[in-house]
Amino acid sequence: MQFSAALALVGAFSVAQAYSFVGCSATAVSSVSKTDMFMSFGLCEDFCKKEACGAPTVMALSGNLCHCGKMPDQNDLVDEALCNTPCPGYGMDSCGGPNTFSIFSI
């Protein structure tokens with residue numbers, strides 16, 4: 001019984017998120033980008049941390065696109081309801097919307 005409780009605790013820590021939602025933006029300031037038919041938060045985060053050497057402060061997702069860069073201007077933020085398209089690689093994640101980007105700090 002104690003083993004299964006410990007296993008559940010380890011599992012809970014292994015899926016901890018390393019990003020937080022900033023908002024929905026009409027633009028994505030990008031230093032590096034990647035397209036992948038299986039895009040998800042995790043895939044974009046891994047790419048941003050690896051390719052940008054930890055420099056970007058945000059990741060921006062729109063459909064199968066991942067952008068890594070600096071925080072967009074506050075004037076570019078739009079209604080969060082416009083960023084409700086499921087990510088193609090993991091439908092529980094939201095990957096922006098038509099002409100919008102879900103912005104996450106990393």
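Select D46 and K50 on helix 2: both are exposed, where exposed means over 50% relative accessible area, buried under 20% and partly exposed in between (1.4 Å probe, protein chains only). Helices (H or I, at least four residues) and strands (E, at least two) are DSSP runs, numbered from the N terminus.

This is a predicted model, in which local features need pLDDT of at least 70, side-chain atom pairs count only at pLDDT 80 or more, and totals for chains, interfaces and linings use all residues. Residues are numbered from 1 along each chain as its sequence is written, and side-chain values use heavy atoms, with hydrogens and water left out.

**Helix 2, the other side**

Now select residues 41–51, which make up helix 2, and pick out F41, C44, E45, F47 and C48, its buried residues. Looking down the helix axis, these buried residues fall within an arc of 165 degrees, so they line one face of the helix; the arc is that of the directions from the helix axis to the C-beta atoms. An α-helix has 3.6 residues a turn, so residues three or four places apart point the same way. The buried residues of helix 2 pack against strand 2 (32–35), strand 3 (58–62), strand 4 and strand 6 (101–105).

Rings of Phe, Tyr and Trp (its six-membered ring) pair if their centres lie within 6.5 Å; planes under 30 degrees apart count as stacked, over 60 as edge-to-face and the rest as tilted. By this rule there are two aromatic pairs.

**Strand 4 and its partners**

Move to residues 65–69, strand 4. Four of its five residues are buried, so strand 4 is largely enclosed by the rest of the structure. Strand 2 pairs with strand 4 in the antiparallel sense over four bridges, two strands being paired if DSSP finds at least two bridges between them. In strand 4, C66 is the residue opposite K34. Strand 3 also pairs with strand 4 in the antiparallel sense, over five bridges, and here V58 stands opposite G69. The hairpin of strand 3 and strand 4 has two residues between the strands, and G63 takes a positive phi near 60 degrees in it.

Within strand 4, select H67. Is H67 buried or exposed? With 15% relative accessibility, H67 counts as buried. Beyond its neighbours within four places in sequence, H67 has contacts (heavy atoms within 4.5 Å) that include C44, C48, V58 and F101.

Next is P72, in the loop between strand 4 and strand 5 (77–78). P72 has a relative accessible area of 6% and is buried. Not counting residues up to four places away in sequence, P72 touches S25, T27, V29, V58 and I103. From P72 to I103 the C-alpha distance is 8.5 Å, with 31 residues of sequence separation.

Then select N99, in the loop between strand 5 and strand 6. N99 is exposed, with a relative accessible area of 71%. Although N99 is not a glycine, its phi is positive, at about 65 degrees.

**Colour by confidence**

Finally, colour by pLDDT, the predictor's confidence in each residue, from 0 to 100. The chain has a mean pLDDT of 80, with 78% of its residues at 70 or more. Confidence is highest in strand 5, at 94, and lowest in helix 1 (residues 2–14), at a mean of 38. Over residues 1–15 the pLDDT is below 50, and this stretch has zero contacts in the model beyond near neighbours in sequence.
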